[in-house]
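Have the structure open as you read.

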Amino acid sequence: MPVTVSDEQLQSQFTYIDAIASMNNGKQLRAYTHTFGCQQNEADTEHIRGMLREMGYTMTEDANEADFILFNTCAVREHAEDRAFGNIGSLSHLKKRRPEVIIALCGCMAQQEKNVEKIKRSYPQVSLLFGTHALWRFPSLLYRVLTGEKRVFDINGEDDIAEGLPVLRAQGPKAWLSIMYGCNNFCTYCIVPYVRGRERSRRPEEIEKELRELITAGYKEITLLGQNVNSYGKDLGLDIDFADLLRRLNAVPGDFWLRFMTSHPKDASPRLFDAMAQCDKVAKQLHLPFQSGSDEILRRMNRRYTAAEYRALIADARTKMPDITLSSDIIVGFPGETEQDFEQTLQLVEDVQFDLLFTFLYSPRTGTPAASYEDNATPQDKQRRFERLLKVQDEIVASRQAAYQGKTLRLLVDGTAKGPDYPFTARTEGNLLVCVRGEGFEIGSFIEAKIEKTSLRCLFAHKL
């Protein structure tokens with residue numbers, strides 16, 4: 001059973017929020033936040049922003065005018081770490097000019113001892129660092145800095161769940177809704193289980209309560225988040241799984257779409273696809289990462305399914321939802337990948353015909369088993385494979401996008417576009433990007449629109 005932070009523990013943090021608000025009374029203080037990495041990090045930042053608002057801070061998009069600066073970091077890929085360190089390093093001059101500015105770092109990078117030591121040694125401008133497990137204790141940590149402690153570092157904590165934290169969500173019709181945290185899968189290339197801890201599910205009544213609040217607030221597209229949503233409920237000791245949760249949330253009144261990510265193929269099931277097909281508010285969209293089409297590479301990755309099993313899942317999903325939109329993740333150049341292994345990946349891509357792929361060159365992460373695997377392929381070999389994959393997928397996408405020509409689709413208008421001819425952006429139920437023209441609608445509205453032309457990355461439509 002997951003451990004929930006007690007009311008007394010949570011109330012102690014609200015006491016610190018109130019104390020900081022009293023300290024800031026009458027001051028025009030601003031806070032700047034920047035998030036790297038996944039949607040779960042985005043959701044975490046929204047809670048931090050909510051706590052900052054309660055403390056009396058207003059948000060700013062300009063770090064140079066901020067009194068408090070926070071970077072929520074990602075450790076999944078080296079590039080994300082490099083960007084975070086670069087951003088932190090660039091603030092050294094600001095700190096010298098305005099020593100009262102508080103610079104903070106949190107998230108997955110802050111959960112790794114090697115990064116903590118690097119920050120301590122080389123980035124004295126950072127006054128506050130806390131890991132993913134300490135997020136709910138942010139008020140007490142910030143209070144310590146504000147009351148005189150020069151540097152506060154906290155990467156400790158248990159795999160617990162804190163309900164009822166303040167939240168300040170991004171503007172627009174979309175919202176994140178975390179249903180679980182952590183991961184038990186230990187894929188050999190992935191650092192997530194080491195920095196986010198074991199899987200722990202929120203109770204279904206808490207999730208439903210938050211969904212109802214989001215619908216009341218006017219949100220139209222809610223994405224359920226978890227490192228592996230298909231594992232939801234296994235740790236609760238209740239007779240509920242992810243398919244049951246979808247049905248429960250689908251019954252909440254309102255006009256909205258439910259999406260979810262990310263799914264692991266080893267836990268996807270016909271039961272899940274039945275629920276998706278039968279729930280009218282669950283978007284007919286599936287992001288199901290397969291990573292490699294080679295059984296040998298999948299074994300070395302510790303993915304615990306085969307390429308044939310993956311194909312069977314896709315076939316079942318398409319049988320039950322013929323119009324489903326499919327996307328996936330692929331890692332190119334995993335240690336030990338041969339030309340034959342890569343050809344099997346290409347074949348799976350051609351067989352499935354994905355609407356969208358997220359493709360990555362393998363990046364070793366210190367602390368994972370794969371970081372020590374022998375790798376005989378050259379960087380040139382890997383880049384050549386990567387470019388071949390992109391070419392094949394572009395051809396598939398061009399064909400699948402063109403098939404929408406002339407179709408009438410229901411869209412959720414979610415923003416503004418750059419071009420004057422199609423001034424709004426929208427999403428299909430399958431999460432495809434559409435640029436829209438027409439009158440009589442606004443951001444946050446559902447509309448019917450007809451596709452009048454297509455491109456590799458976008459559909460173009462006019463409102464009916």
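This is a predicted model: local features need pLDDT of at least 70, side-chain atom pairs count only at pLDDT 80 or more; totals for chains, interfaces and linings use all residues.

## The cavity

Searching the whole structure for cavities of 30 Å³ or more turns up 1. The volume of the largest cavity is about 30 Å³. Its lining is made up of Asp44, Asn72, Cys106, Gly107, Phe130, Gly131, Thr132, Leu135 and Arg196. Sorted by class, that lining comes to 3 nonpolar, 4 polar and 2 charged residues.

## The second largest pocket

The second largest pocket holds about 580 Å³ of space. It is lined by 28 residues, and those closest to its centre are His47, Ala162, Glu163, Leu165 and Tyr181. Which elements give two or more residues to the lining? They are H2, strand E8 (160-161), strand E9 (174-178) and helix H8 (204-216).

Helix H6 covers residues 138-146, and its buried residues are Phe138, Pro139, Ser140, Leu141, Leu142 and Val145. If you want a reminder on helix geometry: an α-helix has 3.6 residues a turn, so residues three or four places apart point the same way.

What do the buried residues of H6 pack against? On the helix side there are H1 (7-23) and H2 (39-54). On the strand side there are E4 (68-73), E5 (102-107), E6 (126-130) and E7 (152-154). Just past the end of H6, Gly148 has a positive phi of about 120°.

## Aromatic pairs

Over the whole structure, the search picks up 18 aromatic pairs. One of them joins Phe68 and Phe138 in a tilted arrangement, with 5.8 Å from centre to centre and 55° between the planes. This pair bridges distant parts of the chain, since Phe68 sits in strand E4 and Phe138 in helix H6, 70 residues apart. Are these two residues buried or exposed? Both Phe68 and Phe138 are buried. They also belong to one aromatic cluster together with Tyr57 and Phe130, and Phe130 is among the residues that line the largest cavity.

Another pair, Phe334 with Tyr373, is edge-to-face, at 6.1 Å centre to centre and 90° between the planes. Phe334 is in the loop between strand E15 (325-332) and helix H13 (339-352), while Tyr373 is in the loop between strand E16 (356-361) and helix H14 (379-402), so this pair ties together parts 39 residues apart in sequence. Phe334 has a relative accessibility of 1%, and because buried means under 20%, Phe334 counts as buried. Tyr373, with a relative accessible area of 28%, is partly exposed.

## Charges over rings

For Lys120, the ring is that of Phe153, with the charged end 5.5 Å from the ring centre. For Lys407, the ring belongs to Tyr404, and the distance to the ring centre is 5.3 Å.

Arg457 is found in the loop between strand E20 (446-454) and strand E21 (459-463). At 54% relative accessibility it counts as exposed, because the cut-off for exposed is over 50%.

Leaving out residues up to four places away in sequence, Arg457 touches Asp394, Gln401 and Leu433. Arg457 and Val397 are 60 residues apart in sequence, yet their C-alpha atoms are 8.2 Å apart in space.

Where does the chain hold a cis peptide bond? The bond from Met261 to Thr262 is cis, with omega near 5°. Thr262 falls in the loop between strand E13 (257-261) and helix H10 (270-278).

Positive phi turns up in residues other than glycine as well. Gln291 has phi near 70° and sits in the loop between strand E14 (285-287) and helix H11 (295-301). With a relative accessible area of 7%, Gln291 is buried. Asn302 has a positive phi of about 60° and lies in the loop between H11 and helix H12 (307-320). Asn302 is partly exposed, at 27% relative accessible area.

Terms used. Residues are numbered from 1 along each chain as its sequence is written. Side-chain values use heavy atoms; hydrogens and water are left out. On a 1 Å grid over the protein atoms alone, a cavity is a set of points where a 1.4 Å probe fits but cannot get out, and a pocket is an open set with protein on both sides within 12 Å along at least five of seven lines; lining residues have an atom within 4 Å of a point. Grid points are joined across faces, edges and corners, and a volume is the space filled by probe spheres set on the points. Ala, Val, Leu, Ile, Met, Phe, Trp, Tyr, Cys and Pro count as nonpolar, Asp, Glu, Lys and Arg as charged, and the others, Gly among them, as polar. Buried means under 20% relative accessible area, exposed over 50%, partly exposed in between (1.4 Å probe, protein chains only). Helices (H or I, at least four residues) and strands (E, at least two) are DSSP runs, numbered from the N terminus. Contact means heavy atoms within 4.5 Å. Rings of Phe, Tyr and Trp (its six-membered ring) pair if their centres lie within 6.5 Å; planes under 30 degrees apart count as stacked, over 60 as edge-to-face and the rest as tilted. A charge sits over a ring if NZ of Lys or CZ of Arg is within 6 Å of the ring centre and within 35 degrees of the ring normal.
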